[in-house]
Amino acid sequence: MKVTIEIPRDVLDKLEEELKEVKKPEAAVKTAVNAAAKTIQKNLSVKAASEYRYKGKKSAFMAASKINKATAKDPEAEIVFSGKVNEMQDFNLRNRKNGLAGAVLKSQRIRTLKGSTGKAFLVKFSNGHEAVATRQPPSKTIKKRGSKYTKHSAALRTWASPSIPIMAGGERVYGQLEEESRNIVLEEIEKVMAKLVNQGGNG
């Protein structure tokens, strides 16, 4: 998942006009964009941690993201989130008397995990990997001729949960912060402009 931090074209045109007397105006623009990217990266991580029951919390989202910084030649920064699909165990999974229980979103009630064939359970594969799984129904199970469908012969369906890029880039996180992020870019530009004006006045 990638978030591009850039200055709107109309704002950039205005900046070029106002900064034409300033030496190396590209450096000022670069500074504003990179400062905005850093703030937005933090905001996305905080928001994601507040929406999801992910065990890694804010620090995991920060660690899974990086900023490709803007330069004087290219005044555009990118925030890139990376990561694999998560397991249900990464989301506050609980082992209760009546079975495994959990939830991905903080807005969801923690409840018993089950599919059409029964409750979910933890399974350990031969490679040591553990996952939450349920049994597939008969129509999804490949059976040998003459064999009967049982809870032991049925194929497994493992449960996956959203990756960090999906969480950070979704409607619940970036979708809620998109407008705020644009405003942060404009605020950082105003800070740089004010600093340059003050420097000019002191000169």
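In strand E6, Leu100 is the bridge partner of Asn95, in a predicted model for which local features need pLDDT of at least 70, side-chain atom pairs count only at pLDDT 80 or more, and totals for chains, interfaces and linings use all residues. Residues are numbered from 1 along each chain as its sequence is written, and side-chain values use heavy atoms, with hydrogens and water left out. Strands (E, at least two residues) and helices (H or I, at least four) are DSSP runs numbered from the N terminus, and two strands are said to pair if DSSP finds at least two bridges between them. Strand E5 and strand E6 (residues 99–102) are paired in the antiparallel sense over three bridges. These strands belong to an open sheet of three strands in the order E5-E6-E7, with antiparallel pairing, whose edge strands, E5 (94–96) and E7 (111–112), each pair on one side only.

A further antiparallel pairing, over four bridges, joins strand E10 (residues 121–124) to strand E11 (residues 130–135). Within this pairing, Ala133 in E11 stands opposite Phe121. The hairpin of E10 and E11 has five residues between the strands, and in this hairpin Gly128 takes a positive phi near 95°.

When residues up to four places away in sequence are not counted, Ile5 is in contact (heavy atoms within 4.5 Å) with Val33, Ala36, Ala37, Ile40, Pro75, Glu76, Ala77, Ile79 and Val185.

Two further positions were examined for burial, where buried means under 20% relative accessible area, exposed over 50% and partly exposed in between, with a 1.4 Å probe and protein chains only. Leu12, found in helix H1, is buried, with a relative accessible area of 15%, and its C-alpha atom is separated by 8.8 Å from that of Val29, 17 residues apart along the chain. Asn86, which is placed in strand E4 (residues 86–87), is likewise buried, with a relative accessible area of 5%. Leaving aside neighbours within four places in sequence, Asn86 is in contact with Tyr54, Phe91, Ala160, Ser161, Pro162, Ser163, Ile164 and Met167.
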